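Biologist: This one is new to me. Please walk me through it.

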Amino acid sequence: MSSIIQPPIKFTSTAVSDLLQSSNNHVCGIPLKTLGRARFSTRRRDLIVTAKLRKVKKHEYPWPDDADPNVEGGILSHLSSFKPLKEKPKPVTLDFEKPLVGLEKKIIDVRKMADETGLDFTDQIASLEHKYQQALKDLYTHLTPIQRVNIARHPNRPTFLDHVFSITDKFVELHGDRAGYDDPAIVTGIGTIDGERYMFMGHQKGRNTKENIQRNFGMPTPHGYRKALRMMYYADHHGFPIVTFIDTPGAYADLKSEELGQGEAIAHNLRTMFGLKVPIVSIVIGEGGSGGALAIGCANKLLMLENAVFYVASPEACAAILWKSAKASPKAAEKLRITAGELCKLQIADGIIPEPLGGAHADPLWTSQQIKAAIVESMSDLKKMDTKKLLEHRMLKFRKIGGFQEGIAIDPERKVNMKKKEEPIVTQMSVERLESEVNKLKEQVLKAKGSSTELSESGLNEMIGILEREVEHEFLEAVKAMGLNDRLEMLRKEFSKANAGDQIMHPGLLDKIDKLRDEFFKSLLEAPNYASLKKKLEMLEDLYRTKNEEKTTSLKLEINKKFNEVLDRPEIKQKMESLKAEFNSSGATSAEDIDEELKNKILQTKKEIEVELAHALDSMGLGVEAVKSVVGDLNQQISLPDVKVRIKNLNEEVNKKIEETMGSPDVRNLVETLKLEVAKAGNTSESAASKSRIKAIEQQIRKKVSEAINSSELKEEYEQLRAEILEVRESSGQNGSLKGDSSIEASMPANSG
């Protein structure tokens with residue numbers, strides 16, 4: 001077709017850049033706006049030429065018309081579709097945080113009451129806030145691995161873009177893998193920190209359900225990894241250091257992703273990252289799952305937020321494989337060693353970035369600033385290395401993971417432990433069932449009182465044994481949940497070795513045991529099974545009280561029975577009737593009117609009855625209590641008010657001196673050693689060696705207490721008081737022996753008088 005030649009058609013316009021020029025149709029000077037809203041045509045005989053521009057949707061890229069150059073974050077922030085949420089995210093309370101909810105509610109209620117009444121509750125609010133902060137600190141300084149997993153998955157935890165926009169001066173997002181798709185689960189872009197350019201890339205989760213669906217819950221497809229790969233090449237070419245943020249459960253494992261080469265894309269990234277000539281720093285801000293996280297994690301330095309986790313398989317998946325139940329995920333989380341602290345010990349992670357109490361979502365801006373400081377510090381160290389040293393540093397970081405030496409024989413004990421089968425999980429009784437059984441037993445005990453005591457005691461002992469085993473199991477589970485199991489086993493072995501011979505327990509081992517016990521009870525409130533443990537302990541204590549009440553009731557009945565038997569004896573009855581008759585015939589109206597002869601007869605009869613009662617109680621195994629009762633009555637007969645006050649004061653001084661001596665470090669260690677030896681002797685059949693050690697320790701304690709008392713002025717005061725009492729008793733015609741005087745003898749050591 002021949003070309004159409006037309007003379008130029010001229011239009012008036014003030015903007016030269018707004019004109020369209022074409023050498024093909026010789027049309028020039030047509031405004032763009034005119035072409036956009038109307039069609040035009042030229043006629044030549046029977047030929048019509050028509051042109052029409054297609055209307056397209058106007059968007060804000062690359063530069064919005066109404067962009068404010070002074071906007072926070074710079075104009076480049078407009079280039080991202082990531083905008084602040086219109087509504088604040090709803091607060092989410094994790095299961096282990098529920099104890100804090102009550103304190104929060106109290107603070108809110110008091111503040112509301114203060115607003116409504118106008119009263120000043122400042123002190124109460126400050127006290128509650130202090131309690132809340134202390135509880136929060138105690139909770140978040142003793143987190144278990146599974147609790148850290150839950151924090152890392154918190155719905156309100158700040159995402160990659162949240163951190164990037166907080167730490168960069170300018171940031172522009174770069175899209176697409178140049179293969180047909182822009183995966184929103186991985187975000188890449190260039191940003192500046194303190195004037196230095198960096199290439200940022202990371203997994204992006206959603207902040208709500210809609211965003212999570214759009215971002216595929218942070219699980220990338222092969223297109224996402226290829227987009228990251230393209231940006232790695234770009235950064236390597238231009239010399240931009242690379243910072244990657246890891247926060248994904250893993251790569252997206254659907255059929256289409258596998259067809260598009262998910263494994264190949266991850267492997268390609270791994271190989272490429274080891275050859276990049278720029279420094280690379282990776283930061284785990286949430287959870288890092290398997291190869292999906294490692295695909296952008298082959299860095300010179302791997303840093304982790306305090307509550308982040310990094311794992312090959314999730315605790316739920318591990319528990320389902322090994323224990324056939326996802327309920328064992330707390331145990332799996334502990335065994336996997338996936339927390340920041342554990343990974344730093346294993347030299348997989350190179351540093352821990354602190355988080356505020358309550359997790360990163362409690363103060364996202366503060367957390368971002370900590371990340372920024374960590375990036376600047378790490379990059380300053382890596383930039384000092386030349387290219388060869390940088391590549392070698394990255395290679396050696398991964399080569400040393402899981403290192404071993406060949407040719408070294410395995411320790412036989414370790415080999416046995418490696419082959420040792422795990423003990424089967426013992427099925428425990430539920431708290432509800434135990435509570436029901438305990439209530440039934442208590443009802444049976446109440447019905448059996450006075451009729452069948454032996455049967456009720458037998459049932460009590462059986463249920464107490466069951467509860468003791470349940471409590472023991474709960475304590476072991478709490479120890480495992482707190483991560484103290486290894487330390488407990490180590491102390492058990494040290495204790496066994498220390499008790500193998502006849503030597504005394506080393507005080508250092510006792511300090512370790514005390515420290516572990518204190519740490520355990522301090523963290524017990526945070527144990528996942530604390531509620532069931534507390535309930536079972538309460539039931540066990542209740543049964544102990546019931547058993548003691550049964551014994552006390554039975555003992556009272558037996559004592560009353562013996563007492564009545566003594567009083568019902570013919571000779572005792574005859575003496576008491578004779579004394580009553582003599583008292584009535586004397587005409588006395590009170591105890592003061594009785595003559596001396598009748599008083600002596602009454603005292604003599606009373607002593608005979610007390611002796612008979614003492615023999616009766618002695619036959620029941622209560623001889624010591626009977627002697628104390630008789631001696632107490634004897635002391636009441638001696639009218640020595642001044643001496644009694646002095647005895648009381650002397651007793652107090654002696655007790656104080658004994659307490660000071662027992663509180664000294666040497667004696668306290670001996671007492672703790674004695675307790676352990678007694679416990680061991682009670683649990684072993686061969687206790688001859690233990691008994692000799694117990695006897696030696698007891699002698700050492702007695703010796704130290706005696707030395708402390710004899711070295712003081714108490715002995716002189718004791719001798720003086722003893723002489724005065726002997727003088728009073730001799731003048732009263734009583735025996736001068738002080739063996740029955742419990743108020744003094746019980747206070748003095750055996751070798752002090």
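Biologist: At what angle do helix 5 and helix 14 pack, and how far apart are their axes?

Modeller: They pack at about 70°, and their axes are 9 Å apart. An axis is a line fitted to C-alpha atoms, for helices over the stretch in contact, and angles run from 0 to 180 degrees between N-to-C directions. One caution: this is a predicted model, so local features need pLDDT of at least 70 and side-chain atom pairs count only at pLDDT 80 or more, while totals for chains, interfaces and linings use all residues. Residues are numbered from 1 along each chain as its sequence is written, and side-chain values use heavy atoms, with hydrogens and water left out.

Biologist: How are helix 5 and helix 14 oriented to each other, then?

Modeller: Roughly perpendicular. Angles under 35 degrees count as roughly parallel, over 145 as roughly antiparallel, 65 to 115 as roughly perpendicular and the rest as oblique.

Biologist: Which residues in helix 5 and helix 14 meet?

Modeller: Helix 5 brings Asp 162, His 163, Ser 166 and Ile 167. On helix 14 they meet Pro 364, Leu 365, Thr 367, Ser 368, Gln 369, Ile 371, Lys 372 and Ile 375. Contact means heavy atoms within 4.5 Å. The residues of this contact divide into 5 nonpolar, 5 polar and 2 charged. Here Ala, Val, Leu, Ile, Met, Phe, Trp, Tyr, Cys and Pro count as nonpolar, Asp, Glu, Lys and Arg as charged, and the others, Gly among them, as polar.

Biologist: Stepping back: how many helices and strands does the chain have?

Modeller: There are 29 helices and 12 strands. These are DSSP runs numbered from the N terminus, helices being H or I with at least four residues and strands E with at least two. The chain has 753 residues, and 36% of them are buried. Buried means under 20% relative accessible area, exposed over 50% and partly exposed in between, with a 1.4 Å probe and protein chains only. Among contacts with a separation of 6 or more, 69% join residues 24 or more positions apart.

Biologist: Another helix pair. At what angle do the axes of helix 2 and helix 3 cross?

Modeller: They cross at roughly 160° and come within 10 Å. That makes helix 2 roughly antiparallel to helix 3. Helix 2 spans residues 98–117, and helix 3 spans residues 122–140.

Biologist: Which residues meet there?

Modeller: From helix 2, they include Leu 100, Leu 103, Ile 107 and Val 110. The contact of helix 2 with helix 3 has 10 nonpolar, no polar and 5 charged residues.

Biologist: What about rings? How many aromatic pairs are in the whole structure?

Modeller: A search finds 11. Rings of Phe, Tyr and Trp (its six-membered ring) pair if their centres lie within 6.5 Å; planes under 30 degrees apart count as stacked, over 60 as edge-to-face and the rest as tilted. Phe 160 and Phe 245 form a tilted pair, 5.1 Å centre to centre with 45° between the planes.

Biologist: Which parts does that pair tie together?

Modeller: Phe 160 lies in helix 5 and Phe 245 in strand 8, so the pair ties together parts that are 85 residues apart in sequence. Phe 160 is buried at 0% relative accessibility. Phe 245 is buried too, with a relative accessible area of 0%. Tyr 198 and Phe 200 make another tilted pair, 6.1 Å centre to centre with 55° between the planes. Both Tyr 198 and Phe 200 are buried.

Biologist: Which residues form the aromatic cluster?

Modeller: Phe 82, Phe 160, Phe 165, Phe 171, Tyr 198, Phe 200 and Phe 245 form one cluster.

Biologist: Last one. Is Leu 543 buried or exposed?

Modeller: Buried, with a relative accessible area of 0%. Leu 543 lies in helix 21. Beyond its neighbours within four places in sequence, Leu 543 contacts residues including Val 438, Leu 460 and Met 463. The C-alpha atoms of Leu 543 and Val 438 are separated by 7.9 Å, though the two are 105 residues apart along the chain.
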